[in-house]
Amino acid sequence: MHAWLCTDPSGVDALEWKELPTPQPGPGQVLIAIQAASLNFPDLLIVHNKYQIKPPLPFVPGAEYAGVVEALGVGVTNLQVGQHVACLSGTGGFGTHTLAPAALCLPLPAGFPFTDAAAFIMTYATSHHALVDRAQLKAGETVLVLGAAGGVGTAAIQIAKAMGARVIAAASSDDKCALCKTIGADATINYSTQDLREQLKALTGGKGPDVIYDPVGGDLAEPALRSIAWRGRYLVVGFAAGPIPALPFNLPLLKGASIVGVFWGDFAKREPQANATMMMALAQWYGQGKIKPVLDSTLPMAQLKAAYARMGARDVKGKLVMVN
């Protein structure tokens, strides 16, 4: 097998495409021949040693992937050789093969392409957990999605619309805003050229959004929070802009608003049954055409460094997927 190996987490340039022995699965594991793997923001952080999870060296990055089960470890009864699966195991995806815990593998229904499956779990699970579980979103409410043209942002737009909400998508360029309209956003704000607070006031008749979905952080956080509706819920999803914002606590007090943390990874570990139920619901929504990953492009696995460069430049709309 071959894989992109990280022996020094000093950045993307330190990754090396290496030939490695093909491993055999241990108890509870499966060997997967990877067909597609998506690039997520944590994949960028982890090779710079900036992610909250720091795997022992050396490791193969690539949190999320899809492929074919080639071998079963002792005790694996829920999967079989030849089965198509998707998996989010945190590492291992940027190669031709990997070992994965069988318990983390999502069996794919017929007609679920590997490219879509590789771009499905992290973004849709994060956004569903955020909007349905943490925000308790109701039909008719208004959702502001920041960073709306990215992976989790596009998933959040689709999930919010599936739930009957009105969606205002905020993104950094006109073409990103146009993409958001094509997948269901009711209105858009280009926060590079428009004032976020003024536009939110105009688009909501002064009421503000009921739910704010924020995977960006940085300078957008405070003006967004200042605009929130009475009893609004501000979802802290991530910090793609870099800086973690310091927000004045008088703002949620004055609006009767809640600041709600979203950590899907720990939710999945702490509440596995609830997470499994959620994943089944998402798979059904995919089958019904309610949600579908937005793929920026697919690239050969050998071009991983070019994909990383595009993500680092915030030049990606939806998800980048590497294919073998």
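Analyst: Before we start: contact here means heavy atoms within 4.5 Å. Keep in mind that this is a predicted model.

Let's zoom in on helix α11, which spans residues 304-312. Leu304, Ala307, Tyr308 and Met311 are buried there. Looking down the axis of α11, these buried residues fall within an arc of 100°, so they line one face of the helix. And what sits over them? The cover for the buried residues of α11 includes the strands β1 (2-5), β3 (29-39), β14 (295-300) and β15 (319-323), along with helix α1 (41-46). Just past the end of α11, Arg314 has a positive phi of about 55°.

One of those covering strands, β1, also leads us to the pocket: β1 and β6 (97-101) each give at least two residues to the lining of the second largest pocket. That pocket holds about 330 Å³ of space. It has 19 lining residues, and the closest to its centre are Val60, Thr91, Gly92, Thr98 and Leu99. Strand β6 provides the largest share of the lining, five residues.

Gln199 counts as partly exposed because its relative accessibility is 24%, and buried would need under 20%. Setting aside neighbours within four places in sequence, Gln199 is in contact with Ile189 and Gln194.

Methods: Residues numbered from 1 in each chain as written. Predicted model: local features only at pLDDT ≥ 70, side-chain atom pairs only at ≥ 80, totals over all residues. Heavy atoms only, no water. Buried < 20%, exposed > 50% of the residue type's maximum accessible area, 1.4 Å probe, protein only. Helix = DSSP H or I, 4+ residues; strand = E, 2+ residues; numbered from the N terminus. Arc of directions from axis to C-beta. 1 Å grid on protein atoms, 1.4 Å probe; cavity = no way out; pocket = protein on both sides within 12 Å on 5 of 7 lines; lining within 4 Å. Points joined across faces, edges and corners; volume = space filled by probe spheres on them.
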